[in-house]
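Please look at the sequence and the structure before reading on.

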Amino acid sequence: MLNARIRKTFPPDSESADSDGGFVLDVEFAAPPGVTILFGASGSGKTQTLLSVAGLTRPDEGLIAVQGETLFDSSRNFSLPVSRRRVGYVFQSLALFPHMTAQANVEFAAHGLPRRERRERATALLERFGVGHTAARRPREISGGEAQRVALARTLASEPRLLLLDEPLSALDEPVKLSIMSDLREMNRRLRLPILYVTHSRDEALALGERALVFERGRIVAEGEPHEVFGSPASPGVARLAGVENIFEGVVVSRDESAGTMLVGLKNDEGVASCGVEVPLGRAGVGSRVTIAVRSGDVLLAAAEPKGLSARNVLRGRVSAVERRSSETLVRVGCGGVTWAASVTRQSLEELSIEVGREVWLAFKTHSCRVFDGD
Amino acid sequence: MTPAVELFPLWLSLRVAAVSTLFVVVAGVALAWLLARVRFRGREALDALVTLPLVLPPTVLGYYLLVLLGRASPVGRLYESLIGSPLVFTWRGAVVAASAGALPLMVKTARAAIGGVDSQYEDAARTLGRSEWQVFARVTLPLASRGILAAAVLAFARSLGDFGATLMVAGNIPGKTQTASIAIYDATQAGRDTEALTLVAILSLTAFALLYATNKLAGANVK
């Protein structure tokens with residue numbers, strides 16, 4: 001178990017600060033054995049959190065402990081040196097030593113053992129990750145996927161009690177990504193170490209994460225199981241990262257307290273409220289700006305005007321584009337200057353004979369809409 | 001046939017340069033690492049102090065060394081009581097003079113080489129449990145090795161050609177402290193033009209070859 005409370009202020013001119021001034025990292029979390037996803041946009045504080053846990057940056061204030069052993073405690077002015085934390089860190093750049101072979105990279109981490117055992121352990125780890133054939137090669141002579149596996153093997157060779165993975169798959173293509181993900185799942189099953197896994201890919205978070213912490217501007221704004229966190233995003237930013245396609249700004253036109261709903265006029269490109277959407281009642285008063293988010297999967301598409309539906313939002317529009325993706329098809333529909341996205345299966349696309357320029361109806365439930373105050 | 005030049009000055013210059021390079025590499029790499037990787041108060045002041053011999057007149061540098069290491073100075077007395085002979089006006093004095101002149105070049109070049117090593121490699125080595133010394137010896141040093149080698153060649157070339165400071169500290173004693181560059185001065189003054197020209201040609205060619213090698217090394221480091 002990792003327990004961390006980290007507070008650090010970055011001055012406005014530091015690298016990790018926002019352009020509009022200083023940046024404050026202020027987080028507190030616990031990570032039990034298993035994969036904990038650190039999810040959020042770049043610059044939200046995920047990597048700074050990893051650096052703090054590893055000891056490569058010093059928080060202004062806080063307490064970090066692994067399995068009851070304190071790594072950092074500002075109240076006692078205590079900070080365990082990086083080399084004694086036994087925190088495995090796989091950098092985004094991997095940082096494989098360019099002047100050493102893959103084998104030597106892994107052996108470097110297995111120090112404190114007799115030479116023979118060191119060599120055996122390195123060989124066994126490279127084999128386990130399926131990169132035994134790269135042992136004699138330098139990092140620049142192996143592929144990105146192989147380098148990623150060598151880096152994982154090297155980190156495990158140092159027998160860490162905690163693993164930090166910083167966007168380990170972001171530079172890889174899809175097939176390699178999937179195969180390394182299955183290696184990571186296998187590794188997680190066997191080791192049961194706390195693993196902090198930084199990503200801004202929703203797919204990786206859902207595929208690997210047992211828990212997710214959502215970072216926004218240096219804070220944790222949501223935590224829970226990944227599908228819960230993405231199912232009800234905590235902010236427009238998280239919604240965007242979580243892959244919610246329909247995110248629009250609007251103004252509250254009216255509130256109906258008894259029905260628990262309110263009407264929001266969406267702004268089109270000219271900034272004029274042109275189409276009304278009924279959403280769950282929020283705190284925003286009439287005239288306030290709000291942002292609404294609707295998943296494309298929650299939007300139904302109809303070839304004729306639907307009648308007798310329970311869904312309260314029915315919009316008429318015209319198909320502006322059809323985008324075929326691997327598992328679904330996204331249909332873009334323009335209604336009054338706002339472009340919506342609805343996802344449909346290939347079969348329904350054919351049955352409804354949907355094509356660009358065709359008139360269609362969109363329908364979605366009031367409670368499929370998430371409302372955020374402000375924008 | 002007698003040789004056109006006395007060979008002793010050339011031999012002495014090579015010996016002085018070799019020993020001086022040895023000192024300069026060890027001290028220079030340590031200083032360069034300190035300046036490139038450790039934040040401390042007075043870092044830039046130390047850098048300026050180390051660089052000073054590069055811009056001071058060689059006679060000023062020689063004067064300082066003479067005052068610091070002379071037979072009446074504490075350092076000079078300590079040296080004499082330990083070694084049994086004085087430091088100034090010996091070939092060892094020439095080594096000190098050449099080292100002081102070459103150190104700035106070594107430190108400047110090595111600082112750039114060490115500063116050019118991506119510190120993420122060093123951080124990775126630390127997270128893998130390695131001590132600071134091991135991080136330096138097994139990661140920083142090998143990754144900066146080409147730049148450091150180039151710096152060493154440069155330091156050697158600089159030591160080989162030292163004149164002013166050497167003359168001040170070691171004097172001009174033929175067969176004892178007369179290095180090649182001082183022999184050139186001596187030969188010119190005495191009108192032994194052939195001897196001067198031969199030594200000039202040999203030193204120029206050596207310096208050119210060393211600089212060429214340095215550029216090759218530095219260039220390969222970039223790639």
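Predicted model: local features only at pLDDT ≥ 70, side-chain atom pairs only at ≥ 80, totals over all residues.

Residues are numbered from 1 along each chain as its sequence is written, and chains are lettered from A and ligands numbered from 1 in the order in which they are written.

**The two chains**

Helices (H or I, at least four residues) and strands (E, at least two) are DSSP runs, numbered from the N terminus. Chain A has nine helices and 21 strands. Chain B, by contrast, has 11 helices and zero strands, so its pattern along the sequence is α-α-α-α-α-α-α-α-α-α-α.

A residue is called buried if 20 or more other C-beta atoms lie within 10 Å of its own, exposed if 12 or fewer, and partly exposed in between, with the C-beta atoms placed from the backbone. Two residues are in contact if their C-beta atoms, also placed from the backbone, lie within 7 Å.

| Chain | C-alpha span | Buried share |
|---|---|---|
| Chain A | about 75 × 50 × 35 Å | 40% of 375 residues |
| Chain B | about 65 × 45 × 30 Å | 42% of 223 residues |

Among contacts between residues at least 6 apart in sequence, 64% in chain A join residues at least 24 apart. For chain B, the corresponding figure is 76%.

**Where the chains meet**

Across the interface, 17 residues of chain A are in contact with 14 residues of chain B. On the chain A side, the elements that give two or more residues are β7 (87-90) and α2 (102-109). The largest share, three residues, comes from β7(A). By class, this side of chain A has 10 nonpolar, six polar and one charged residues. Here Ala, Val, Leu, Ile, Met, Phe, Trp, Tyr, Cys and Pro count as nonpolar, Asp, Glu, Lys and Arg as charged, and the others, Gly among them, as polar.

**Strands around β17 of chain A**

Two strands pair if DSSP finds at least two bridges between them. Strand β17 (residues 313-324) of chain A pairs with strand β20 (residues 359-364) of chain A in the antiparallel sense, over six bridges. In this pairing, Asn313(A) has Phe364(A) of β20(A) as its bridge partner. β17(A) also pairs with strand β18 (residues 329-335) of chain A, again antiparallel and over six bridges. There, Arg318(A) is bridged to Gly334(A) of β18(A). A hairpin through four residues joins β17(A) to β18(A). In a regular strand the side chains alternate between the two faces of the sheet.

**Two residues with positive phi**

Most residues other than glycine have a negative phi. Gln67(A) is not a glycine, yet has a positive phi of about 45°. Gln67(A) lies in the loop between β4 (61-66) and β5 (69-73) of chain A, and counts as exposed because 12 C-beta neighbours are found inside 10 Å.

In chain B, Phe89(B) has a positive phi of about 60°, although Phe89(B) is not a glycine. Phe89(B) is placed in the loop between α4 (74-83) and α5 (91-115) of chain B. With 19 other C-beta atoms within 10 Å, Phe89(B) is partly exposed.
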